[in-house]
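Hello,

Here is the structure I promised to pass on to you. Have a look at it first, and then read on for what turned up in it.

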Amino acid sequence: TPYDYIIVGSGPGGIITADRLSQAGKSVLLVERGGPSTGQTGGTYQADWLKGTNLTKFDVPGLFESMFTDPNDFWWCKDVTVFAGCLVGGGGSVNGALYWLPSDNDFALNTGWPSQWTNHQPYTAALKARLPPTDAPSTDGKRYLEQVSDVVTKLLTPQGYTSATINNSPNQKDHVYVHQWQTRWPVATYLQTALARPNFKLKTFTTVMNVIRNGSTITGVQTNDTTVPGGIYPLNPKGRVILSAGSYGSARILFRSGIGPTDMINLVKGDPIAGPLLPPQSQWINLPVGFNVSDNPSINLVFTHPSVNSYDNWADVFTPGPPAADSAQYLKNQSGIMAQASPRINFWSALGATDGVTRWMQGTARPGAASVTTSFPYNATQMFTITAYLSAGIKSRGRLGINAAMNAMPLVNPWLVDPADKSTLIQGLKNIVSTMSSVPGLTMITPDNTTTIDAYVNSYDPATMDSNHWVGSNIIGTVAGKAVVDPNTKVFNTDNLFVVDASIVPSLPYGNPHGLIMSMAEQASAKILALAGGP
Ligand code: 6FA
Ligand code: ABL
């Protein structure tokens, strides 16, 4: 069957777009390369302590840290060298549930959004209505394992930080600390309303390799589905394809469709499977796919404090399971420690920079640590991490692309390339630790006192500066060649190919980007529906 809209990828971008287009009565096919995630989507990946329920690893927020330590990590895209979720819900099914409604600045002209995009409020309001934020994800309204939060509050208060309910005042992101999360995910909300419609279909375990195009006109998508002729899913006349395969996934589909810089398309041409599927070179479309890439540079500081419970660094939460009282409490009514992902407190400050351009810094604190490098003896049961991210205002950009094996990867790292980004983040880290003496018992173990903050940042392994917040590879804009998609999210020089995912976002928001991406998808679907010439 041909479709009005074929959407590639069931991450936050793809799910929200699929819901809004199917709500408008269009026939919509959502194609996802991965399989089910949460129990509601048919997922079955359970810890022993969850047997007898329909709750999977992707349902229980307290299992979040086990995403990074479980040897059976089938949910990551194996052909992308950075973390990317390849399952129903995409990154939204494996992320840390930090959820910030976008601020006005996140969609401002000076952040690169076209003028048609600055009025984000109605779309953000629509998002908030579907996915309300919460101060306490535990069903009893309490917050658990709050010691890290208490210690960090003591550290920040002398610096002038105050408490805020951030999603009630998203514009207020200077010297505030907050407790707030996402309760429900797009798969539990937007995907469910879409699935209830007869004009919507979700196809899992199916990979789109490229779009089928004749010059500027797309007629369908090429998949690995051997049950249909040629593996092709066709579009209706006037139909449209929307790529929502994520910052790496959508860029790769464009390269494999003959769209992007010539060096990338030439790699595709040399591949025995992808090469023959390319359109003739006369039809290649040269756009800056993969350039303008941004991700927050993030640096971890690891501390210990006698009051802190590192929760055994989350090592046991999946297998054999959390302490019996905690698993029992969660199973009883989804309350307690396991009702929350690892982060306990977040904070922001605006930082002046040597080039006169303000940068924002976000801090996220959690029990435990991903790694410790120290000359100190330390008590691992008391450790916690503050991750400092440099966010809005950063100038550094990198490039992503593919290699000859068609794996997607960073080609030029985007972190701290700009000297003022680097000096500003160093200043921000120094600010964080400047009041340590006001918190008795607080010790920083990484870096330890034999390493200065400057030396620590200078020798930081770039591979661990990755924040998983990749944006910009299919940057939105008004000028073809400078941008990849136009203000309606349509790929320049095509008639009916669109991109709606993190890749079109021109610069990073103040905080973790999931909220911004979902508001963006609300707005993009409205623009696509309003655009003449469609089905
Ligand atoms: N963002 C937040 O705001 N808060 C967080 O706490 C947070 N944490 C994380 C995190 O802990 C991790 C490990 C990761 C990876 C990301 C985090 N993020 C967080 C970022 C946030 O999740 C992402 O920015 C967001 O998910 C991006 O949404 P998109 O819609 O742009 O793209 P996805 O990668 O989520 O989804 C793409 C989908 O397309 C996947 O389901 C994939 O399987 C599918 N796909 C890819 N290629 C395909 C193909 N060729 N054919 C069919 N399907 C394809
Ligand atoms: C995010 O937005 C980041 O993308 C994640 O990297 C981060 O989780 C979550 N939010 C929660 O703050 C961290 C884990 O806490 C670490 O244990 C892990 O090593 C790291 O992601 C890997 O990037």
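Let's start with ligand 1, which has 38 residues around it; the closest are Glu32, Gly91, Leu98, Ala502 and His514. Please keep in mind throughout that this is a predicted model.

Several backbone atoms come up against the oxygen atoms of ligand 1. Gly13 places a backbone N or O atom 3.0 Å from an oxygen atom of this ligand. For Pro513, a backbone N or O atom is 3.3 Å from an oxygen atom of ligand 1, and a polar backbone atom of Gly90 is 3.4 Å from an oxygen atom of ligand 1. On its own, ligand 1 would expose 1,000 Å², and the protein buries 94% of that. Which elements give two or more residues to the shell around ligand 1? They are helix H1 (12-23), helix H5 (246-256) and helix H10 (514-530). Sorted by class, the shell around ligand 1 is made up of 17 nonpolar, 18 polar and 3 charged residues.

One of those helices, H5, is worth a stop of its own. H5 is mostly covered, with 10 of its 11 residues buried. The buried residues of H5 include Ser247, Tyr248 and Gly249, and Arg252 and Arg256 are also among them. After H5 comes Gly258, which has a positive phi, near 75 degrees.

Now for ligand 2. There are 14 residues surrounding ligand 2, and the closest are Glu65, Ser467, Asn468, His469 and Asn512. Here I can point you to some side chains. In the side chain of Glu65, an N or O atom is 2.5 Å from an oxygen atom of ligand 2. The side chain of Asn512 has an N or O atom 2.7 Å from an oxygen atom of ligand 2, while a polar side-chain atom of Asn468 is 2.9 Å from an oxygen atom of this ligand. Taken alone, ligand 2 exposes 470 Å², of which the protein buries 80%. The shell around ligand 2 consists of 7 nonpolar, 5 polar and 2 charged residues.

Next, the cysteines. How many disulfides does the count come to? The count comes to 1 disulfide, and Cys77 and Cys86 form it, with their sulfur atoms 2.2 Å apart. In case the term is new to you, a disulfide is a covalent bond between the sulfur atoms of two cysteines. The torsion about the S-S bond of Cys77 and Cys86 is about 100 degrees, so this disulfide is right-handed. Are these cysteines buried or exposed? Cys77 counts as buried because its relative accessibility is 8%, under the 20% cut-off. Cys86 has a relative accessible area of 12%, so Cys86 is buried as well.

Finally, a look at one residue elsewhere in the chain. Thr424 is part of helix H8, which covers residues 419-433. With a relative accessibility of 2%, Thr424 counts as buried. Which residues does Thr424 touch, leaving out those up to four places away in sequence? Thr424 touches Leu351, Gly352, Ala353, Arg359 and Leu390.

Best wishes

Terms used. Residues are numbered from 1 along each chain as its sequence is written. Chains are lettered from A and ligands numbered from 1 in the order in which they are written. This is a predicted model: local features need pLDDT of at least 70, side-chain atom pairs count only at pLDDT 80 or more; totals for chains, interfaces and linings use all residues. Side-chain values use heavy atoms; hydrogens and water are left out. A residue is near a molecule or strand if one of its heavy atoms lies within 4 Å of it. A polar contact is a pair of N or O atoms within 3.5 Å; within protein, one must be able to donate a hydrogen and the other to accept it, and residues adjacent in sequence count only if both atoms are side-chain atoms. Accessible areas come from the Shrake-Rupley method with a 1.4 Å probe; for residues, only the protein chains shown count as cover. Ala, Val, Leu, Ile, Met, Phe, Trp, Tyr, Cys and Pro count as nonpolar, Asp, Glu, Lys and Arg as charged, and the others, Gly among them, as polar. Helices (H or I, at least four residues) and strands (E, at least two) are DSSP runs, numbered from the N terminus. Buried means under 20% relative accessible area, exposed over 50%, partly exposed in between (1.4 Å probe, protein chains only). Contact means heavy atoms within 4.5 Å. A disulfide is a pair of cysteine sulfur atoms within 2.5 Å.
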